[in-house]
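Please walk through this chain from its overall layout to individual side chains.

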Amino acid sequence: MQNIVILAGNIGQKPETRTTQGGTNITNFSLATSRPRLSEGRVLRDENGYRVMDTEWHRITCFNGLGKTVAEHCEKGMKLLVHGRIHYTKWTDAAGNDRYGCEIIAEKVDFLSRPKSAESENPELVDRDDEIPF
């Protein structure tokens, strides 16, 4: 049995880091993934001919060294490839209601793009694959 998740998407906001009382660093960020919306097995298009996309938002959690790397080098809009596992949580809120959550615990993160700040510093290192017309 395996619990494996692989997501490729864009960071929704700058990663946030906190430290537990035990000294564990935890970094969280949201990752957006998109896919074309289908209807009767065909891709839906808008009035201008563009594909209609459905976007899912995923809560990603990184620990210790991986979290530190993500916090130092990632920013909103960057493309990432996240390898990890699904983790479900249950807690009781202040009103006594059971609440549930789902997050992805990252075990590996690959950078698929550079931060905007790095692009302006070293233009010769910028990945231009998105600009290729074919």
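Two residues are in contact when they have heavy atoms within 4.5 Å of each other. Among contacts between residues at least 6 apart in sequence, 59% join residues at least 24 apart. The model is a predicted one, in which local features need pLDDT of at least 70 and side-chain atom pairs count only at pLDDT 80 or more, while totals for chains, interfaces and linings use all residues. Residues are numbered from 1 along each chain as its sequence is written, and side-chain values use heavy atoms, with hydrogens and water left out.

The chain has two helices and eight strands; these are DSSP runs numbered from the N terminus, with helices being H or I of at least four residues and strands being E of at least two. Along the sequence their pattern is β-β-β-β-β-β-α-β-β-α. The accessible surface comes to about 9,800 Å², and carbon and sulfur atoms account for 49% of that surface. Areas of this kind come from the Shrake-Rupley method with a 1.4 Å probe, and for residues only the protein chains shown count as cover. Of the 134 residues, 25% count as buried. Buried means under 20% relative accessible area, exposed means over 50%, and partly exposed lies in between (1.4 Å probe, protein chains only).

The nonpolar interior comes next. A nonpolar core is a set of buried Ala, Val, Leu, Ile, Met, Phe, Trp, Tyr and Cys residues joined through side-chain atoms within 4.5 Å. The largest such core has 15 residues, and those with the most contacts inside it are Phe 29, Leu 31, Ile 60, Leu 80 and Val 82. At least two residues of this core come from each of the strands S1 (5-11), S3 (25-36), S6 (53-63), S7 (79-92) and S8 (98-111). Val 82 shows how these residues meet: beyond four places in sequence, Val 82 touches residues including Val 5, Ile 6 and Leu 7, then Phe 29 and Leu 31, then Ile 60, and also Ile 104 and Ala 106.

Which side chain makes a polar contact with that of Asn 28? The partner is Thr 61, at 2.8 Å. A polar contact is a pair of N or O atoms within 3.5 Å; within protein, one must be able to donate a hydrogen and the other to accept it, and residues adjacent in sequence count only if both atoms are side-chain atoms. Asn 28 is in strand S3 and Thr 61 in strand S6. Asn 28 counts as buried because its relative accessibility is 11%, and Thr 61 counts as buried at 3%. With the corresponding neighbours left aside, Thr 61 is in contact with Ile 26, Thr 27, Asn 28, Glu 103, Ile 104, Ile 105 and Ala 106.

Charged pairs follow. Side chains of opposite charge can pair when their charged atoms come close. The structure holds five salt bridges, a salt bridge being a side-chain nitrogen of Lys or Arg within 4 Å of a carboxyl oxygen of Asp or Glu. One of them joins Asp 54 and Arg 37, with the closest N and O atoms 2.7 Å apart. Asp 54 is in strand S6 and Arg 37 in the loop between S3 and strand S4 (38-39), so this pair ties together parts 17 residues apart in sequence. Arg 37 is partly exposed, with a relative accessible area of 34%.

Another salt bridge pairs Arg 59 with Glu 103 at 3.9 Å, N to O. Because Arg 59 lies in strand S6 and Glu 103 in strand S8, the pair ties together parts that are 44 residues apart in sequence. Arg 59 counts as partly exposed at 45% relative accessibility, whereas Glu 103 counts as buried at 15%. Arg 85 and Glu 107 also form a salt bridge, their closest N and O atoms being 3.5 Å apart. This pair links distant parts of the chain, with Arg 85 in strand S7 and Glu 107 in strand S8, 22 residues apart. Arg 85 is partly exposed at 31%, and Glu 107 is exposed at 55%.

The last stop is Met 78, in the loop between helix H1 (64-73) and S7. Met 78 counts as buried, at 3% relative accessibility. The C-alpha atoms of Met 78 and Arg 114 are separated by 6.7 Å, although the two residues are 36 apart along the chain. Among the contacts of Met 78 beyond four places in sequence are Gly 9, Asn 10, Ile 11, Phe 111 and Arg 114.
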